[in-house]
Amino acid sequence: MTNMKQLLHIIATPRGEESSTLKVSKVFLDNFKKAHPDCQIDELNLYSANLPALTAAMVSGKYVLLGGKDLAKDLKKAWKPIEDHIKRFLSADGYLISAPMWNFNIPYLLKQYIDIIIQPKYLFQYTAGGVEGLVKNRKMVIITSRGGDYSEASPFHKFDYQEPYLRAIFGFVGITDITFVNAQPMNMGPELEAKGLEKAKAEAVKLAGAL
Ligand SMILES: Cc1cc2nc3c(=O)[nH]c(=O)nc-3n(C[C@H](O)[C@H](O)[C@H](O)COP(=O)(O)O)c2cc1C
């Protein structure tokens with residue numbers, strides 16, 4: 001068990017109490033809190049966070065940084081909402097993402113959040129040896145739920161662009177210790193749903209104790 005002081009819980013479903021994903025996340029968090037009584041949970045609900053839309057100025061700031069230069073005063077001002085989100089992200093030493101599968105991938109607000117925070121000089125940098133992720137020594141748990149079954153044995157496995165994408169983008173910034181709990185299938189009848197939820201909850205309990 002590691003000494004985690006702050007866990008950032010990023011919620012990417014609008015379904016609140018109805019959410020299958022959050023049912024599993026709740027089990028994870030209840031057990032995680034027992035294992036880490038001093039850890040603060042910072043909850044970022046993307047549906048109430050009013051995420052900034054990326055303006056032309058914000059996007060041009062990214063190219064300035066990619067060119068190895070610093071942001072001039074006006075761009076620095078435009079970047080304040082981006083820097084605030086990056087600061088909050090980096091102040092955590094562990095992450096929980098709760099995200100359903102939407103159209104084989106992640107919900108668009110989670111993509112918007114990723115487009116906001118994944119920035120050169122802040123989360124990654126280019127070196128002579130290639131790309132270096134700057135988010136080091138952090139663990140991430142990603143809890144998803146899906147209407148269908150995308151497990152390895154399923155013929156639909158190849159349509160799962162959610163888990164490979166999230167592994168790629170967070171791996172790019174240095175977060176390589178990522179464990180997935182996928183609740184599936186949620187929308188193929190009550191029996192399969194109950195079985196899928198039970199299996200995911202059991203995985204979440206184990207993981208919360210081991211983290
Ligand atoms: C916009 C939208 C797109 C969805 N796309 C998929 C999909 O591509 N594959 C799938 O299996 N389920 C899909 N679903 C079903 C959800 O993944 C499933 O119901 C999930 O359990 C919802 O999680 P939540 O209750 O935490 O919001 C979609 C649901 C919505 C609302």
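Which residues in H1 meet which residues in H7? From H1 come Ser20, Lys23, Val24, Val27, Phe28, Asn31, Phe32 and Ala35. They meet Leu197, Ala200, Lys201, Ala204, Val205, Leu207, Ala208 and Gly209 in H7. Contact here requires C-beta atoms, placed from the backbone, within 7 Å. Helices (H or I, at least four residues) and strands (E, at least two) are DSSP runs, numbered from the N terminus.

The model is predicted: local features need pLDDT of at least 70, side-chain atom pairs count only at pLDDT 80 or more, and totals for chains, interfaces and linings use all residues. Residues are numbered from 1 along each chain as its sequence is written.

Stay with the helix pair. H1 spans residues 20–35 and H7 spans residues 190–210. Their axes come within 8 Å and cross at roughly 25°. H1 is therefore roughly parallel to H7, a label for angles under 35 degrees. Axes are lines fitted to C-alpha atoms over the stretch in contact, and angles run from 0 to 180 degrees between N-to-C directions. The crossing is right-handed: the near helix is turned clockwise from the far one by less than a right angle. The contact of H1 with H7 comprises 11 nonpolar, 3 polar and 2 charged residues. Nonpolar covers Ala, Val, Leu, Ile, Met, Phe, Trp, Tyr, Cys and Pro; charged covers Asp, Glu, Lys and Arg; the others, Gly among them, are polar.

The largest share of the ligand shell, 3 residues, comes from H1. In total, 17 residues surround the ligand, each with its C-beta atom, placed from the backbone, within 6 Å. The closest are Ser19, Thr21, Pro100, Ser145 and Gly147. By class, the shell has 6 nonpolar, 9 polar and 2 charged residues.

Now the backbone. Most residues other than glycine have a negative phi, and most peptide bonds are trans. Phe104 has a positive phi, near 70°. Its place is the loop between strand E3 (94–100) and helix H5 (108–117). Lys121 sits in the loop between H5 and strand E4 (124–127). With 17 C-beta neighbours inside 10 Å, Lys121 is partly exposed. A cis peptide bond joins Gln184 and Pro185, with omega about -5°. Pro185 lies in the loop between strand E7 (177–183) and H7.

Definitions and conventions:
Angles under 35 degrees count as roughly parallel, over 145 as roughly antiparallel, 65 to 115 as roughly perpendicular and the rest as oblique. Two residues are in contact if their C-beta atoms, placed from the backbone, lie within 7 Å. A residue is buried if 20 or more other C-beta atoms lie within 10 Å of its own, exposed if 12 or fewer, and partly exposed in between; C-beta atoms are placed from the backbone.
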